[in-house]
Amino acid sequence: MQPHENTGHPRRWAILGVLVISLLVVVLDNTILNVALRTLADPVHGLGASQGELEWSINSYTLVFAGLLFTFGVLGDRAGRRRFLLIGLVLFGLSSLLSAYAQNPGQLIAARALMGAGGAAIMPVTLSIISNVFDPRERGRAIGIWAGAVGLAVAIGPILGGVLLEHYWWGSVFLINVPVVVLGVVLVALLVPESRDPEPGRIDLPGVLLSVVGLVALTYGIIDGGEHGFGRPLVWASTLGGLAVLAWFVAHELRSDHPSLDVRLFRVPRFAAPVAMVGLVFFAAMGVMFFSSFYLQLVRGYSPLETGLLFLPFAAAQLVFAPRSAAMVRRYGGRAVAVVGLTLTAVTLGAFAFVDAGTPIWVILVLYLLQGAGMANVMPPATESVMSALPREKAGVGSAVSNTVRQVAGALGVAVLGSVLSAVYRDDVAPALRGLPAQAHEAAGESISGAYAVAGQLGPAAPHLVAAADHAFVSAMHWAAALSAAVAALGVVVALRWLPGRAERRPSASPVAGEPELAGTP
């Protein structure tokens, strides 16, 4: 009898299907939001959100999500993973209702932050449950399917969002979460078994508070600097203060006997290297996805539904390649697969630096396809390597670290690349704004969405302003794309230098004695 026939849960594949549905609601929301950004910026059909408010509508969710993953990963291991999954789904559904009926950008940002708390309860326990119900020999394949579900959500989200925005008001993109949540709650209650850490530790409240304060301060400084310029003392106080608090967090975690994040884990290459890779690739990719929605809808003139359909190649590549990556890792080794995936991602992101308003749309589609294929071959081997570095009962810690780094990196990617985008756009469009009234000058200089809104009231002068705004935005997009490609290329260096290869043996201090060799691990 094979070992995996003894250690896997009898309903493990049905359980995986339930976890995929639970994951869909988290990823679906963010992909829909990307398509809705232009509508939210519209003062008539949306909320009139500024560029900074749009970034915060993404990052308020992400920062709360990332800040609470440490705590909720540990609490899920301690109090019950199934219980936390149910709590997270219910909270996510309720906060989706609040988001749908927000009356201004501030209310939307607050509701999105509450959604982040729900997502933080959902995401880490999905990976933890996978680690507990699957034998190590099947875990690589299961995580590949789990990662492929992200591709499915990326495929469904923009198209569904486009359909809703063309037929209903913007709040419908949040209401769509509710039926998915209801289905998830019913299936989790019926199929998913309860599991927990038999030796739970104490909660590191100071560490949690330090991480949240540090991340929020750092990201606020970056976003505010991009929106209003980096010459103000408040920006530097927030940015440097956030870095100082995060340094304090690391020092505290090193001294604590019950850390929320055991930073010593980052001394282990097979844990630290894939975490770094995931962070770098999501930093790069999320920033590009942020400006792609504006490029397609404003510069190229596509509707929200058409924009969603144009993202399909990226999603299809994720859906096709992610579940097959475990087999690729077994054949060629985790390092080789990750390096190829990272290189393809970096080259594709760099190619966006040469895209302009007249680039044939088939070229854009090919770039999205290649980017999706590249990222599909980074996430599964990296996630499997992180998860296999810890014993099953500590799975929540591994999933929390992996997802926290990914979410924080994505938030910083949107913040940093969004700030670069705003700063370059503001400088390049300035000459075309001379002579405009003060209010129109401010709106058009803030973002391309503002410029289009102002142009609608200028009459014969509108085409000149639209052309200048398009040119400034494309130029800013080139700078952001080049920076994202450089960050992704750094991930290639990390993989080549520190990611274990196929022939290398696992460290002698393997946390699970007698555990067989895993796909995606040395």
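Is S96 buried or exposed? S96 counts as buried, at 0% relative accessibility. The model discussed here is predicted.

**Overall make-up**

The protein chain has 522 residues, and 60% of them count as buried. Its secondary structure consists of 21 helices and zero strands. Among contacts with a separation of 6 or more, 81% join residues 24 or more positions apart. The chain has an accessible surface of about 19,700 Å², with 67% of this area belonging to carbon and sulfur atoms.

S96 is located in helix 4. Beyond residues up to four places away in sequence, S96 touches M115, F174 and N177. I176 lies 80 residues from S96 in sequence, with 8.5 Å between the two in space, C-alpha to C-alpha.

V90 is also part of helix 4, which covers residues 81-100. V90 has a relative accessible area of 42%, so it is partly exposed, whereas S96 is buried. V90 belongs to a nonpolar patch on the surface, together with L94, L97, Y101, Y168 and W169. Together these residues have about 620 Å² of accessible area.

Helix 10 runs over residues 233-255, 23 residues in total. From its first C-alpha to its last it reaches 33 Å, close to the 33 Å expected at 1.5 Å a residue. Its buried residues are V235, S238, T239, G242, V245, L246, F249, H252 and E253. In an α-helix there are 3.6 residues a turn, so residues three or four places apart point the same way.

H258 sits in the loop between helix 10 and helix 11, the latter spanning 269-299. Leaving aside neighbours within four places in sequence, H258 is in contact with R202, I203 and D204. For H258 and D204 the C-alpha to C-alpha distance is 6.3 Å, at 54 residues apart in sequence.

**Nonpolar cores**

The largest nonpolar core has 138 residues, of which I130, M277, Y425 and F473 touch the most other members. A second, separate core has ten residues, including F249, L265, V275 and V386. F249 is also among the buried residues of helix 10.

**Helix 21**

V494 is placed in helix 21. V494 counts as buried because its relative accessibility is 11%, under the 20% limit. Not counting residues up to four places away, V494 touches A273, A276, M277, L280 and L499.

A469 also belongs to helix 21, which comprises residues 462-498. A469 is buried, at 0% relative accessibility. With neighbours within four places left out, its contacts are Y425, V429, I448 and A451. Y425 is one of the residues named above for touching the most other members of the largest core.

**C-alpha distances**

The pairs below are separated in sequence as shown.

| Pair | Separation in sequence | C-alpha distance |
|---|---|---|
| S96 and I176 | 80 residues | 8.5 Å |
| H258 and D204 | 54 residues | 6.3 Å |
| A469 and R426 | 43 residues | 9.3 Å |
| V494 and A276 | 218 residues | 7.4 Å |

A276 is also one of the residues that V494 touches.

Note on methods
Residues numbered from 1 in each chain as written. Predicted model: local features only at pLDDT ≥ 70, side-chain atom pairs only at ≥ 80, totals over all residues. Heavy atoms only, no water. Patch = residues over 30% accessible without salt bridge, like charges linked within 9 Å, V, L, I, M, F, W, Y side chains within 5 Å. Areas by Shrake-Rupley, 256 points an atom, 1.4 Å probe, with all protein chains shown as cover. Salt bridge = Lys/Arg side-chain N within 4 Å of Asp/Glu carboxyl O. Helix = DSSP H or I, 4+ residues; strand = E, 2+ residues; numbered from the N terminus. Buried < 20%, exposed > 50% of the residue type's maximum accessible area, 1.4 Å probe, protein only. Contact = heavy atoms within 4.5 Å. Expected span 1.5 Å × (residues − 1). Core = buried A, V, L, I, M, F, W, Y, C linked by side-chain atoms within 4.5 Å.
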